[in-house]
Amino acid sequence: MNEAVIISDDDGQPGITEGPLSRLDPRYKGAYRFMLILGCVALWAVASVANYLFLPPDLLPWKAITALCAVALLLTAIIYPPRRYAAMGYRVDEDAILIARGRMFRSETLVPFARIQHLDIQRGPIERLFKLSSLHLSTAGSRHGIVVLPGLPPHKAGVLRAIIRNSIQREQP
Amino acid sequence: MTDMAPAASGSAIARQHLSPLTILIGVIRNIPQFGIFIPAIIWGTARFSFGMALLVALGTLTISSIFVYLRWNSFRFGYDDDELVIHSGLIATNRRAIPFDRIFDVNIEQDLLHRILGVAKMSVETGASGGDEGELNAITLKQAEAIRDAVRRYRAGLRSPQADGDRDAAPAADPVLYAMTPGRVVLSGMFSFSLILVAIIGGILNRVDNAFSVTRVIDVIESRGPNLRAYIATHLLMAMIGIVAIIMLIGVLSGIIRSILTDWGFTLTRGETGVRRVRGLFTRTDTVIPFKRIQTGLILSGPVRRTFGWLRVAVQSMGGAGQDEDRRSAGQQVLMPLANPSEADALLHALGLVAPPAQGAMQSAGLVYFLRRMIWMIPAIIPIIIGMVLDEPRWGAIAIALILLSIPVWWISGRQHRFLLTSDWLFVQNGWWKRRMVILPLSKVQTVSIDTGPIQRRLGSTTLNIGVAGVRGAVAIMDLPRQAACDLMLPLAARARTTVF
């Protein structure tokens, strides 16, 4: 189901506590890149309109804005998605799931199956384009009320859901 | 309204109206809005004469009173041995049946108006989302207590079905866990120093500066004799001490006043499903905090309280699915505003919690906590450099003062941030000025997360965040060495393996 891959952080130490983590689907890189591009285009549109409406016309020529946005776009869309992809992972235990994300601010969250109130498999429009889905786990804790595991191909999401359901049902008296 | 006896077992009939005094209360409540505010606006803008405005006031008040009457008339309730029914609605009617099965307990609340008229607002505490499901506002206090007794009899009957014959006997009085004498209420107020009155007075003085100013007062005093200004100038230190003393006095006074208003007659009794807390001088609140909803215990203390050996005990309660009424029992609930350690221990045991360990038994956050926060202070060097460059020693002085001040603060905070994990409990303590000890049963752990920031990575430490239901934020153990945090993750989540709730 998943090849075990060790995710290392900058100083070469293994990043996660109890062993290897599974990676997300590689298509997640593409999906995230797409989202970033859309975001940058939206930012450019807003900046241009604001510039036209509010600032004196010679202060910030339209070309400068376009150039700035293009540079931002290039930097983020090329550099960031693979780094984010490499920093995300998950592992399924017999009664809990560990989800890790983030490089600079790293968060590794352990959610015991018994604590999952309900789980959703969500597919946004961009995710659908790239044939991915994400798992949303709802817990009662207000800190990690909803834990999200993105970048899963639909069959894998279904398998995970089944594993979690079976584990919960096994526990019911 | 005279028929207070419940109907025979079976489906209850909603026959009783709320107390007619409800209409009076409704009208009184409407007076500010319909009787004064709206006509005042009309008078101001449309330039009616005062007599006309009065007429308009009477008119709006009458119309709103008619609605109050109609609403009273359309609301009926009734109850029998095992359920409460409510018929309500002017245009779209709604019949609601709440089985006693679903009711944990009954909350009775009286504000000043209620108390004068001898009525109360009764609401039921259900397991799921509360909302205004079962709110009767207002019925007589006797009726409210009768309904509460009926619910309790039902729940007692559930526990021991053979006690059916005792149905008519009044339930035994609940054991009192904690009660505050007036002296203790005042003492508690003294410890709750509050500068809010100072702020209010300052604001008022600011506003009325033209009509009444301190300089004019001084002028008046001076004309009578003593040369106040000169006196103040020569005894500046005394004057400042005097002012500080006055501010402190006002702070203590406002703390006492607040404590008297909210905690007068504070009584904690142990009910069947939860802890019942009655308190308040003008607004008397009677709240039940169900045992099942209690997530953590809290022991709070400020520096003055601690010196005299007093504690404040609270619990964090889950609350329902976020409806307004359920908020009453949600969040942090103070159960003992001022208690000594043995009283606190007794209450914790009664709640199924445990007394916290001694300071020495707990592990302290250590050096990393201090180092990390000192690293945060590094940007403070910038003003020093700028100050030196621009030859403005003031900026540099302020920055240096800030850094020097934060050294002992962070060091002590780091020492005071402690935790201890046993097989069933997690204790986390925080704070050097106001101290806060969280008592968390491991069965209440929802999620465990290890979060590492960039500075923490370099220092080799992490923050362990434990998600708990109904607790804003998380219970956090900060700046733990990474390996220790990883080792704690499993034991913390181990209890969560078995379903609870």
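Which residue of E17(B) is the bridge partner of Arg418(B)? Keep that in mind as you open the viewer; the tour will come back to it. One thing to know before starting is that this is a predicted model.

**Stop 1: chain B as a whole**

Of its 501 residues, 42% count as buried. If you look at contacts in chain B between residues at least 6 apart in sequence, 58% of them join residues at least 24 apart.

**Stop 2: an open sheet**

Next, colour the strands of the open sheet in chain B. There are 7 of them, in the order E14-E13-E12-E18-E17-E16-E15, and the pairing is antiparallel. Strand E14 (331-339) and strand E15 (363-364) of chain B stand at the edges; each has a single partner strand, so one side of each has no neighbour in the sheet.

**Stop 3**

Zoom in on strand E16 (residues 418-421) and strand E17 (residues 425-430) of chain B. They run antiparallel and are joined by 4 bridges. Pick Arg418(B) and look across to E17(B): its bridge partner there is Gln429(B).

**Stop 4: a strand that meets both chains**

Now select strand E19 (residues 445-452) of chain B. Is this strand largely enclosed or exposed? Here 8 of the 8 residues are buried, so the strand is largely enclosed by the rest of the structure. Strand E5 (residues 106-112) of chain A pairs with E19(B) in the antiparallel sense over 5 bridges, and Glu108(A) stands opposite Ile450(B). E19(B) also pairs with strand E20 (residues 461-468) of chain B, again antiparallel, over 6 bridges. To see one position in that pairing, pick Thr447(B), which stands opposite Gly467(B).

**Stop 5: helix H16**

Finish at helix H16 (residues 482-494) of chain B. This helix has 13 residues and reaches 19 Å from its first C-alpha to its last, close to the 18 Å expected. Show side chains for its buried residues: Ala485(B), Cys486(B), Leu488(B), Met489(B), Leu492(B) and Ala493(B). As you look along the axis, remember that an α-helix has 3.6 residues a turn, so residues three or four places apart point the same way.

Terms used: Residues numbered from 1 in each chain as written. Chains lettered and ligands numbered in written order. Predicted model: local features only at pLDDT ≥ 70, side-chain atom pairs only at ≥ 80, totals over all residues. Heavy atoms only, no water. Buried < 20%, exposed > 50% of the residue type's maximum accessible area, 1.4 Å probe, protein only. Helix = DSSP H or I, 4+ residues; strand = E, 2+ residues; numbered from the N terminus. Pairing = 2+ DSSP bridges. Expected span 1.5 Å × (residues − 1). Contact = heavy atoms within 4.5 Å.
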